[in-house]
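Subject: Handover of a structure and its findings

Dear colleague,

Please find the structure below, handed over for your use.

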Amino acid sequence: MAAINTNSLDGLYLSNYTDTDETIKRIATTQMQAYHARQLFPCFDEPGLKAVFNLKIIHKTNYTTVLGNSDVANVTEFADLEGWSVTTFNPTVPMATYLFAMVVSDLEYAEADGGLFKVPVRTYAPPPVVARNGATYSADIAAKMEAYIIYYPGESLESYKNLLTSVVSHELAHQNFGNLVTCKWWNELWLNEGFATYISYLGVDGVRPEFRHREWILNDAFQYSMRVDVSARSHPIVNDAVTPDEVDSYFTGITYEKGGSVNRMTEKFLSEATYKKGLQYYLHNMSYQGVVSDDLFHYLNVAAQEDDRLPAGVTVKMILDSWTLQKSHPLVRVSAEGPNSVYISQERYADPASVDLWWVPVTVVTQDAPSLENWVPKLWLERDVPIKSVVHDTSKWIMINQDATGYYRVLYDEGLTPLIADQLRRNASVITPLSRSQLLDDYFNLAYRGNVEIEAALEFTKYLEQEDHFTVWEVIFTQLRQAYNFAQTEDEHSAIRNYLAPKIRPALEKIGLEQNNNVHIGALGILRTKLIDWSCALGDSFCVDYANKLYTEWGQDVNKILPIDIQASITCAIVANNGQAGFDFMMAKYIATPMQNPSKVRYLNALGCSRDAGVLQTLLGMTLDTNSQLVRSHALSVIQRVAMNKQGRRLVIQFLKDQVDRIISILGSGSPSPVSSILSSLSSYVSTQEELDEVLKFVADHAAKFGVINGSINSYLTTIRSNIAWKVTFGKPIISWMGENVSINNSASYANPSLAVFVSLVTAVLRCVN
Ligand SMILES: [Zn+2]
């Protein structure tokens, strides 16, 4: 047996938590994936090799929660040493070494309600968490240990509930995909993770339908992994993985989210019933074994043949090899060929060095038959026959790949595109929500990669005042965030506000501005949060008036608590729109709120939303005043927050120039240094040459003081240069197009400084979880 690890979180390692009485309690626990079991005991540490484990743990008797992979058979006194016990576990089922787990602790547990599961399902946590003794456990523990498990009703964000429901569902899906059948080697990790990813959406849909995961998968997995798949980070779903570094490099958005999306595509082209049957064959026949992709393909093919789901001579393996053994994805073009037919053709979208193509399932909807009951393909683009023609009256619109079940982007020719845009403006609901979402996602991504003009994408946004579906707004907010962040002048703001705010308002009116705890849950609750964030940030009077109403009520009732999910946006709007008084009010709330209350950080962040230069100067000054009422550990994030604010950015650059020595001496010289952190924040927003020149001058004047951080400074400067280029190529054309296509000019006269909600954070942390 090896020694316990105290400086890494793998093998058998030491963890700890702070108990109710502030004492530090220890936990011995394990993390073996992918190749750490060998640190604890000698073994053939490969996922495809399975063994029965007989485990005895000798431990101090006062550690009462001792866990392994199977039930405890008995606990006896350890004869050789007083105060020690032996916990003996029943033999496990045959399992892979990376799944070996043991815990010695005094954690407590909560058990899931009976009926939901056939076996007891328990969640273990430090006693203060289980007892819900909110006043004494530190936020530090919450961040490290509970982050993906514990939800506090009334205190946790709805988006966070969505995240951790996904995580739990993902891990439960591993019971079949990963634990029962296990990838034989890490090069086919997708057989574990691509399935756990896909099945997790179905699982959440089953128990928490309000999160609408069968739709959310489009934004969260499909659109996300498509962006990864054309980046330098992409790789084939199945690729060589020999060294530990190569194995580690496989836990990516390709293995997880593209793998999940390819599974979704397979389910749709085979039909749900056939897919389910094939998976049952696979799980039944391959239980407790190591598997390769060909095993999966074989059993899916058996089901496909039984149900006659594929064209003659075509197998599941032929199709799925084309999707798993090469990176990138097809671009499918739809082009009119005369008045009565269209050509549908595929080409490589990225990675043009390769000439290989795909087996592409194609569904077709038209103006005369605008929706399908299932996603069974009308035709296949074959690997060797990449172009097919279909009969169609080209004076009417046609779309393919309903609901984006096929893993590819679609580009319509210049004659067909206006017909679709016209249908959207006349009545968007004729086209399904997921098809609308993907159409917009395709065109913005195609534009940002230079395949179409940005105006072609923007043309499809003209109908948005009809739009109330969360998967569409998610695309809009993702694709237009950069243009918003880089809009600097009041004219640029006005253009975006006057175009976008009137389009957001009807959706917000429909969903309801006033908090309704029975309605604003799940996907709808999360959408409302984002709509309010954008509406208030754009400065639409509809939202700003609502924020001010809450502000007035809050002033009259000191005990009032703003609804958690809109706290960030509303507090930001209050400070932005109420000058010194709004700032003083929020500062008082910040000071009066105890540290462990998560609202304290939201009030802090809101302080940086002021549009008053004098107020922002005062705030920046407080960060270096050790007698100020800012909690010291909050000082740096205040500066970063002001850097996000369009009105604050120049002030922060000037503050750096004037105060660099004090920043280093008062805020510390740790790693990353405060100067580096501030430059990092600036680099996400600075997009003008004038600001870059100021940053460059600051760096040139003070470079000697930074020493080791020079490497990261160069990367921030590179980011700013690419921001400037992006703004010239896309930002300015977007803004000027919006200026020419103003919806209705009924908005408030000022825009807020910054969006308050960080949507991307939620998805980013999820990808760190196995
Ligand atoms: Zn996983």
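The notes below go from the overall layout to individual residues and their contacts.

This is a predicted model, in which local features need pLDDT of at least 70 and side-chain atom pairs count only at pLDDT 80 or more, while totals for chains, interfaces and linings use all residues. Residues are numbered from 1 along each chain as its sequence is written, and side-chain values use heavy atoms, with hydrogens and water left out.

**Layout of the chain**

The chain is divided into domain 1 (11-150), domain 2 (168-324), domain 3 (330-459) and domain 4 (543-766); these bounds come from an automatic or database domain assignment. Between domain 2 and domain 4, the C-alpha centres lie 41 Å apart.

Helices (H or I, at least four residues) and strands (E, at least two) are DSSP runs, numbered from the N terminus. The unreviewed entry also gives "domain: ERAP1-like C-terminal" at residues 397-704. Here the chain is 67% helix and 2% strand, with 63 Å between the end C-alpha atoms.

**The annotated binding site**

Under "binding site", UniProt (unreviewed entry) lists His170, His174 and Glu193. These residues are spread over 24 residues of sequence, yet they cluster in space, with a largest C-alpha distance of 8.6 Å. Histidine 174 is found in the loop between α3 (158-173) and β12 (181-183), and glutamate 193 is in helix α4 (residues 190-207).

Residues are called buried under 20% relative accessible area, exposed over 50%, and partly exposed in between (1.4 Å probe, protein chains only). Histidine 174 is buried at 8%, and glutamate 193 is buried at 1%. The side chain of histidine 174 also reaches the backbone oxygen of phenylalanine 177 at 2.8 Å.

**Helix α21**

Helix α21 spans residues 613-623, and in it Val615, Leu616, Leu619, Leu620, Met622 and Thr623 are buried. They lie on the same side of α21 because they cover an arc of only 155 degrees around the axis, the arc being that of the directions from the helix axis to the C-beta atoms. The buried residues of α21 pack against α19 (579-592), α20 (599-607), α22 (635-644) and α23 (649-667), where contact means heavy atoms within 4.5 Å. At the start of α21, a side-chain oxygen of aspartate 612 comes to within 2.8 Å of the backbone nitrogen of glycine 614.

**Salt bridges and a polar contact**

The whole structure holds 37 salt bridges, each a side-chain nitrogen of Lys or Arg within 4 Å of a carboxyl oxygen of Asp or Glu. The following are among them:

- Arginine 214 pairs with aspartate 205, with the closest N and O atoms 3.1 Å apart. Arginine 214 is partly exposed at 37% relative accessible area, and aspartate 205 is partly exposed at 22%.
- Glutamate 267 pairs with lysine 268, with the closest N and O atoms 3.3 Å apart. Glutamate 267 is buried at 6%, and lysine 268 is buried at 9%.
- Arginine 497 pairs with glutamate 490, with the closest N and O atoms 3.7 Å apart. Arginine 497 is buried at 5%, whereas glutamate 490 is partly exposed at 35%.
- Glu514, Lys549, Glu553 and Lys560 are linked in a network of salt bridges.

Lysine 530, in helix α16 (residues 522-538), counts as buried at 11% relative accessibility. Its side chain is joined to that of glutamate 474 by a polar contact of 2.5 Å. A polar contact is a pair of N or O atoms within 3.5 Å; within protein, one must be able to donate a hydrogen and the other to accept it, and residues adjacent in sequence count only if both atoms are side-chain atoms.

**Tyrosine 299**

Tyrosine 299 is in helix α9 (residues 293-306) and is buried, with a relative accessible area of 16%. Not counting residues up to four places away in sequence, tyrosine 299 touches Gly278, Tyr281, Tyr282, Asn285 and Met286. Its C-alpha atom is separated by 53 Å from that of isoleucine 713, 414 residues apart along the chain.

With kind regards

Conventions: UniProt positions are given in the numbering used here, feature names are shortened, and annotations may be inferred rather than shown by experiment.
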